Structures are given as structure tokens and as C-alpha cells.
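Please keep the sequence and the 3D view at hand while reading.

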Amino acid sequence: MDRRDAVKVLWNLQTRPFNCSDDFILLDNGYVILRKEYFEKLSYNVSVLKKEGLIHFACADTFSGEETYLKLIASGQFDVVYINFNFADYQAQRKVFDAAKEKHMGIVTREAYMKGQLFRMAKEAQIEDTGKLADAALRWNLAQKNVDIVVYGTGKPQHLRSAALASEGEFTEEDEMLIERIKQTESYREYEKNKTEEFFQH
């Protein structure tokens, strides 16, 4: 793999989704690096590109679960972990967060609302004020040890303003009660089980 290959790989990693495991990395345009040598090659390429000033920061972002995150962190070439994390998909707290902080990495989380599944659970739990529930989920995320930033996406300005206000507050007893009601639903238990299996299966 020469320097042009390294630039192409980094461009793809920065701009396109990818799946990564011990054995391969598969980008959505079909670009593949096979076997565990991927980690060594990627680490080397990132270090060279940083040294040459072509990139300043690199983000460890994968959907391949705990083992892959830990290998990316251990390489020492990444500055931030970007990861799905919420009160039903929380297994990153087991090892990933601590490993990242040992390397002085930032932790940026996403999917506080579980890709919208939180609001389906709300219907099952008969929670009508979904705004309060959304704020509770966001504050739960921000209240967790080692979380630095939560990425929030919306197409509605009023939702963005509400989230900004919610993020300034403390996680409250009322928030905890709402989340506990969600945890009693069958939808929550199924979602939690699936996400836990996904995180450890690779």
C-alpha cells in the first residue's frame, strides 16, 4: 500500500460508511482491506498523514463492536471515539470508554433517542410527553462518566433549541422515573438485548 492508497482509504473512512472486523474493512463503495493487518496499516497511514499535515485529527468510528473499538484505541493514532450510546445501548461503558480515556481521547456519542425507537417505547409505556422523555434521554447520556459530547440531529429548529436547553440542566429524579418506565416495556428489553448482542458478537 503506497501513500496514494493511504489517502484514498482515509478519504473513504471520513466520508463513507464502513463495516470493520478482525478480518476486513468493507467500505460502501467496495474498497476492502483484508485481515487483521488492517489495524497496523491504518495506524501507520494515519500517523504518516498526521505527520505530513494532511489531517489533524482522526476519529475511531465503527459498527463492529467492542473488540474493534479497543483495537482502534490501542493503536494510539486516533483522537476521538464516535459511538452509539444510550440507556439501552450502553455496553461501551464496560471497557471502551475507559480505554479511550487512558489514551486521552475524546468521547462523542450519538443515537441518544435510539434512532427514534425511544418514542415507540414511549407509546408502549403510555408516556404522552415525549418532549420531556427526549430531554431525559439526552441528559442521561451527558450525565454518564467520560461522555464529552452528544451529537444531536433534527430538522426542526424548535427541537434543537429544546435540546440545547435540556443539555444545560442536571439529570433529575423525574428524568430517572421516565427512563425507568421505558425500561419496563417489552420494546426496550428487546432493543437492549439486540444491541448488547451486536456489540459483543464481532
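In this predicted model, helix α5 (residues 117-124) packs against helix α6 (residues 130-143) at an angle of about 130°, and their axes are 11 Å apart. Helix α6 also meets helix α7 (residues 157-167), with axes that come within 9 Å.

**Helices α5 and α6**
- The crossing of α5 and α6 is right-handed.
- Helix α5 contributes Leu118, Phe119 and Ala122 to the contact, while α6 contributes Thr130, Leu133, Ala134 and Ala137.
- By class, the residues of this contact are six nonpolar, one polar and no charged.

**Helices α6 and α7**
- The axes of α6 and α7 cross at roughly 45°, so the two helices are oblique to each other.
- This crossing of α6 and α7 is right-handed.
- On the α6 side the contact holds Asp135, Leu138, Arg139 and Leu142, which meet Ser162, Ala163, Ala166 and Ser167 of α7.
- The contact of α6 with α7 has four nonpolar, two polar and two charged residues.

**The chain overall**
- The protein chain has nine helices and seven strands.
- Of its 202 residues, 42% are buried.
- Counting contacts between residues at least 6 apart in sequence, 66% join residues at least 24 apart.
- The accessible surface of the chain is about 11500 Å², and carbon and sulfur atoms account for 51% of that surface.

Key. Residues numbered from 1 in each chain as written. Predicted model: local features only at pLDDT ≥ 70, side-chain atom pairs only at ≥ 80, totals over all residues. Heavy atoms only, no water. Helix = DSSP H or I, 4+ residues; strand = E, 2+ residues; numbered from the N terminus. Buried < 20%, exposed > 50% of the residue type's maximum accessible area, 1.4 Å probe, protein only. Contact = heavy atoms within 4.5 Å. Areas by Shrake-Rupley, 256 points an atom, 1.4 Å probe, with all protein chains shown as cover. Axes fitted to C-alpha atoms, helices over the stretch in contact; angles between N-to-C directions. Left-handed = near helix turned anticlockwise from the far one by under 90°. Nonpolar A, V, L, I, M, F, W, Y, C, P; charged D, E, K, R; others polar. Parallel < 35°, antiparallel > 145°, perpendicular 65-115°, else oblique.
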